[in-house]
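Visitor: Could you take one part of this model and walk me through it closely? I'd like the numbers and the cut-offs along the way.

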Amino acid sequence: MTGSGFDDLLSANRDFASDFAYGGFDGIARAGVALVTCMDSRIDPLRMIGLGPGDAKIFRNPGGRVTEAALEAIVLATHLLNVNRVLIVPHTRCAVASSSEDEIRERIAASAGTDAAWQRFHVIDDQVAALGQDVHKVRSHPLVPESVQVGGFLYDVDSGLLDQKY
Ligand SMILES: [Zn+2]
């Protein structure tokens, strides 16, 4: 397929592959780390904790929430992929923690030009309290081994620092 609008990215990919150094890696997390964080473009999840490709499992969604799919990933990661530390990392100035669900729906409806009332957006009222609940979800999951360390951190998108809350 050509002319798809992805040409710049495919060109960059060929440059990337020209000196590719990760061929033959297996899929484990070599540093034993899994990280659940937001989709936010200001977050560089590997570099912010000094890791690189091959080191960690990364699961992202709006808000960096421990959803059912995130728990599925964590169970896989802790049993099959060498993970023994799990970091849950929401961040400051997160869109889903600073608007109500109605406000987000209104903005989406205005952009889409059609009704968005049926679309669920999982907004967060109290970010630190939600983080505590998410850490608890992982720690109390019957298939997450007790030996796994679980931490909850707030990432400051203006300083780059992690603040451990749990
Ligand atoms: Zn966010």
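Guide: Let's start with a pair of strands: E3 (residues 85-89) and E4 run parallel and share four bridges. Two strands count as paired when DSSP finds at least two bridges between them. Before going further, bear in mind that this is a predicted model, where local features need pLDDT of at least 70, side-chain atom pairs count only at pLDDT 80 or more, and totals for chains, interfaces and linings use all residues. Residue numbers start from 1 along each chain as its sequence is written.

Back to the pairing: Leu87 has Gly151 of E4 as its bridge partner. E4 itself covers residues 149-155, and five of its seven residues are buried. Buried means 20 or more other C-beta atoms within 10 Å of the residue's own, exposed means 12 or fewer, and partly exposed is in between, with C-beta atoms placed from the backbone. E4 also pairs with E5 (residues 162-164), this time antiparallel, through three bridges. In that pairing Leu154 sits opposite Asp163 of E5. Six residues separate the two strands of this E4-E5 hairpin, and in its turn Gly160 has a positive phi of about 85°.

His91 lies between E3 and helix H3 (101-112). Neighbours within four places in sequence aside, His91 is in contact with Leu154, Tyr155 and Val157, as well as Cys38, Asp40, Ile43 and Gly64. A contact here is two C-beta atoms, placed from the backbone, within 7 Å. His91 has 21 other C-beta atoms within 10 Å, so it counts as buried.

His91 also turns up in a record: an unreviewed UniProt entry gives the feature "binding site" at Cys38, Asp40, His91 and Cys94. These four span 57 residues in sequence, but no two of their C-alpha atoms are more than 8.7 Å apart, so they gather at one spot. UniProt positions are given in the numbering used here with shortened feature names, and such annotations may be inferred rather than shown by experiment. Asp40 belongs to the loop between E1 (33-38) and E2 (56-61). With 19 other C-beta atoms within 10 Å, Asp40 is partly exposed. Not counting residues up to four places away in sequence, Asp40 touches His91 and Cys94.

Arg93 is in the loop between E3 and H3 too. Arg93 is exposed, with 11 other C-beta atoms within 10 Å. Its phi is positive, near 55°, and Arg93 is not a glycine. That's worth a glance, since most residues other than glycine have a negative phi. Further along, H3 has 12 residues and reaches 16 Å from its first C-alpha to its last, close to the 16 Å expected at 1.5 Å a residue. The expected span is 1.5 Å times one less than the number of residues.

Val138 touches Val66, Ile74, Val86, Ile88, Val144 and Val150, leaving out residues up to four places away in sequence.

Ile74 takes us to H2, where Ala70, Ala73, Ile74, Ala77 and Thr78 are buried. Down the axis of H2 the buried residues fall within an arc of 120° (counted from the directions from the helix axis to the C-beta atoms), so they line one face of the helix. Their cover includes E1, E2, E3 and H4. The face turned away from that buried side carries exposed Glu68, Ala69, Glu72 and Leu80.

Finally, Asn82 sits in the loop between H2 and E3. Its phi is positive at about 75°, although Asn82 is not a glycine. Asn82 has 18 C-beta neighbours inside 10 Å, so it counts as partly exposed.
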